[in-house]
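Me: I'd like a close look at one part of this model, please. Take me through the chain itself and then the place where the two copies touch.

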Protein chains: 2
Amino acid sequence: MSEGRIFNFSAGPSMLPEPVLKRVQGELMNYEGSGMSVMEMSHRSKVYDKIITDCEANLRKILGVPDNYKVLFLQGGASGVFAALPMNLAANGKADYIVSGNFSGGALKEAKKIIGDGAREAGTTKDLNFTRVPTQDELDLDPEASYVHICYNNTIYGTKWHYDPETGNVPLIADMSSCILSEPIDVSRYGVIYGGAQKNMAPAGFAFVAVRDDLIGDEMGITPKIWSFKTQSEKASMINTPPTFPIYVCNCVLEYLLEIGGLEEMKKRNVAKSALLYDYLDSQDFYTPHAEKIDRSMMNVTFRTPNDELDKEFVAGSVEKGFTNLKGHRSVGGLRASIYNAMPYEGVEALVDYMKEFAAAH
Amino acid sequence: MSEGRIFNFSAGPSMLPEPVLKRVQGELMNYEGSGMSVMEMSHRSKVYDKIITDCEANLRKILGVPDNYKVLFLQGGASGVFAALPMNLAANGKADYIVSGNFSGGALKEAKKIIGDGAREAGTTKDLNFTRVPTQDELDLDPEASYVHICYNNTIYGTKWHYDPETGNVPLIADMSSCILSEPIDVSRYGVIYGGAQKNMAPAGFAFVAVRDDLIGDEMGITPKIWSFKTQSEKASMINTPPTFPIYVCNCVLEYLLEIGGLEEMKKRNVAKSALLYDYLDSQDFYTPHAEKIDRSMMNVTFRTPNDELDKEFVAGSVEKGFTNLKGHRSVGGLRASIYNAMPYEGVEALVDYMKEFAAAH
């Protein structure tokens, strides 16, 4: 870490790799001799076209997106996609949602606006305060649903699907906002994966969507053109001006990921970081982890001290240590360390040291 | 202009003031001692909250937005707002659209998806190839419409409304994407003004909306939460993660505008720049302006040489001179010089010199 920079445990937007920030800073006034900042470029220019084309190609390469999937960059974040999904994919008015946290619940709510009660809660662990995701046995799936929607990593509760639910012929759709690019995934198991960019990919401002070709084309008449999977895939995500700068930074992140060894390497690093934190949590009894072991997130680690007052004291002390954003989300309380790709191992080491110190002192 | 930087006549995204770019570059790795890039900040953090709050306050101040208007920052660009307008404001299923160019036509098309033929073309100059906007006499307004929509500056054709159409009690809505912040406006004459940020405000990635309080609240059930004027005004444009970095750059632009004297000063500069170009066009007969004098845009100057071949030659020669993006939009052809706020006077001088040279040589 450069001098003055801190360990930022934010759930998103969150840390970006320092080499990426340095590159962006260096190119800011004049990108590759173009005489312009990327922020100033016409999205229809050759110089920008190469950036967004590279970004899509690099994302395809890193994730191993099959050829029969389109990759789109859309505006409105994952919450925008919540609305776009039923518009594009639920022509029969039926879709199943598994609710394993706030965002999967939010996705269901947005779908209900479009298809009413045809958007169905097909399983939830709300009664367990979302300490894990539902098991296959706990699901009640409709074989006629247009799709089954899950949130793959639950940022707020610190859980993650350790298995893909069996959905028969119904396409599985996964919101991967807070785990995308953290480890290799098999895209072909999903009809759609999507997510907001602001955790592991880029600064806030867009969502990526990878959608299987056969699911595109049967959209509702009300679908805004900027969210039409069909139109945006025909126009290479350029039906209107895309968020040009965040997409450029995304490409810088992807090029950096390729340089360091792609998602196999990233997974190795993320396993090491999360193991350091979980192993410590499992070795003591001052802090209580929120998530059940089987469904623990590799990106968001949730826990609490013995009481709310100590949680507050923990946060206050962490700021003095030069950490930030360790407070848990208001809906679950306690503490949360988001340790996305760009969080260095040293950041987690420093956090565990502080946790030990704090526990010893109380 | 710093060494290596060029005069970029792009219709958008387009030039940003150099002092803004330098500031952004300087603050990129560590914003005001926060230890973070703005790109890395939680949108819920105090440090970012000040940025977005300042941005709204500065925009209100510069535009003189009355207290009974909400100012929102929304994702999806102006094209997103095209869909959001009928959802939020046309509960009675009726809205009038005056079509004076591509984007006003696009707004009508998006509205038709939501309210069908209740979205009505209430006047157009299509037959004139959009060389001016309609006169009041050419309008056919429905007194029961929820609103009348205009595009205030037509980027592609280089025209601008030189008057506000009389709409009686029906609120007037103006898309100001390509002229916002170019001169003072009286916001109170409009029910809503809005626009994409990527011309005079900021890098691409969001739209601003200023909406009168009494128009908020009667939205359709299908309205996605990220486009709900009601919800977004209650949540200070934070219903989900906003495009944090483009909004930060917007605030830098606004602070710069305040430093140089606000919109009175900006208008003076823009009048001088556009007069230089139009006066030259009116003094010769090699180039033919596209727009009629009465409705000429101060931001986008459209013209053509005697034929298409010469237009192409003009563009090729302009690139050698270190200019870029002078080709007209495909739907009108010819040439276009977009001379937004950040284009220096020297840029227009250099362009006129080149135009004289080119005319003399042909």
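Among contacts in chain A between residues at least 6 apart in sequence, what percentage join residues at least 24 apart?

Reply: Happy to walk through it with you, keeping in mind that this is a predicted model. The share you ask about is 70%, counting contacts in chain A between residues at least 6 apart in sequence. Along the principal axes, the C-alpha trace of chain A spans about 60 × 55 × 30 Å. As for burial, 55% of the 362 residues of chain A count as buried.

Now to the place where the copies touch. The contact draws 54 residues from chain A and 54 residues from chain B. On the chain A side, at least two residues each come from α1 (18–27), α3 (77–89), α4 (102–115) and α6 (244–260). Sorted by class, the side of chain A that touches chain B holds 23 nonpolar, 26 polar and 5 charged residues. Finally, 100% of the interface residues of chain A are also interface residues in chain B, so the copies meet through the same surface.

Methods: Residues are numbered from 1 along each chain as its sequence is written. Chains are lettered from A and ligands numbered from 1 in the order in which they are written. This is a predicted model: local features need pLDDT of at least 70, side-chain atom pairs count only at pLDDT 80 or more; totals for chains, interfaces and linings use all residues. A residue is buried if 20 or more other C-beta atoms lie within 10 Å of its own, exposed if 12 or fewer, and partly exposed in between; C-beta atoms are placed from the backbone. Two residues are in contact if their C-beta atoms, placed from the backbone, lie within 7 Å. Helices (H or I, at least four residues) and strands (E, at least two) are DSSP runs, numbered from the N terminus. Ala, Val, Leu, Ile, Met, Phe, Trp, Tyr, Cys and Pro count as nonpolar, Asp, Glu, Lys and Arg as charged, and the others, Gly among them, as polar.
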